[in-house]
Amino acid sequence: MSQNTRKYLIAGNWKMNNTPSEGAELVREINLALGQETSVGVVVCPPFTALEACAGELSGSNVQLGAQNMYPKSEGAYTGEVSPVMLRALFCTFVILGHSERREYFAESDSFINEKVLAAIESNLKPILCVGERLEEREAGTTMEVIKKQLDGGLAGVTAEMAESLIIAYEPVWAIGTGKTATPEMAQEVHAAIRADLATKFGETASKIRILYGGSMKPANASELLDQPDIDGGLIGGASLQSKPFVELVKIASNK
Ligand code: PEP
């Protein structure tokens, strides 16, 4: 259990990896190892096309399912998009929103991400809102300015009550998939500033919101990161693609 009774959350972001059968196999292994784990929240976020196969493996499990994106409308003429209602029908309970790869490759703006956050909460999906600075922004000393803008934009119109289902992931862009991790102290500094900002927005509720760290988190560096008072878990990319390191990360969190 992390500080202030926030339950750790370890979420795997598979990105564009795994067919339905590969995903089902991976989730089967994770479920065998962790299906009854209750001290830590565990979520896997496969691509849309593998959600149904993974959901089939997870019925009755404590491992939960999330999506990596969604469109902020329930239905309609939005070719190629997937709605929150569709995700709920596939037993998703979480959705990653505003990942830096979507901001960068698909030009997602804070206001579009905000529409998604509001639509996700409306549909009872827990948004994992990703924020984080690029290397040049860190070097220019504007990290918190950048993150505050992402939080202000992404969370516009979210009330304290709605924020109960919110999760934030701090992912320094320069640490994603690069093998470079923020030091625990660097990450804690930003997590504390994020929580302070959430407190100005949501008051007391800020102490209940989990703030995950993401960016080359793996078993070798997770323990020190998770020891930080405002780091409540991890959003895991590369190390979530095989059951062994992912399961190990959950076990590290559960032994805290
Ligand atoms: C991510 O993309 O959310 C992520 C944290 O990736 P990685 O763990 O591979 O850095």
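Colleague: In what order do the 8 strands close into a barrel?

Modeller: This is a predicted model, in which local features need pLDDT of at least 70 and side-chain atom pairs count only at pLDDT 80 or more, while totals for chains, interfaces and linings use all residues. Residues are numbered from 1 along each chain as its sequence is written, and side-chain values use heavy atoms, with hydrogens and water left out. Strands (E, at least two residues) and helices (H or I, at least four residues) are DSSP runs numbered from the N terminus, and two strands pair if DSSP finds at least two bridges between them. With parallel pairing, the 8 strands close into a barrel in the order E1-E2-E3-E4-E5-E6-E7-E8.

Colleague: By what angle are neighbouring strands of this sheet turned against each other on average?

Modeller: Axes are lines fitted to C-alpha atoms, for helices over the stretch in contact, and angles between N-to-C directions run from 0 to 180 degrees. For neighbouring strands of this sheet the direction is ignored, and the average turn is 25°.

Colleague: At about what angle does helix H8 run to E7?

Modeller: Helix H8 (residues 184-202) lies across E5, E6 and E7, where contact means heavy atoms within 4.5 Å. The angle between H8 and E7 is about 150°.

Colleague: How much of the ligand's accessible area does the protein cover?

Modeller: The ligand is surrounded by 14 residues, the closest being Lys15, His99, Glu171, Gly177 and Ser216, where a residue counts as near if one of its heavy atoms lies within 4 Å. A polar side-chain atom of Glu171 lies 2.7 Å from an oxygen atom of the ligand, and a polar backbone atom of Gly237 is 2.8 Å from a ligand oxygen atom, a polar contact being a pair of N or O atoms within 3.5 Å. Of the 290 Å² of accessible area that the ligand has on its own (Shrake-Rupley method, 1.4 Å probe), the protein covers 96%.

Colleague: Which residue in the loop between helix H4 and helix H5 is it that concerns us here?

Modeller: Most residues other than glycine have a negative phi. The loop in question lies between helix H4 (100-105) and helix H5 (110-122), and the residue there that has a positive phi of about 55°, although it is not a glycine, is Ala107.

Terms used. A polar contact is a pair of N or O atoms within 3.5 Å; within protein, one must be able to donate a hydrogen and the other to accept it, and residues adjacent in sequence count only if both atoms are side-chain atoms.
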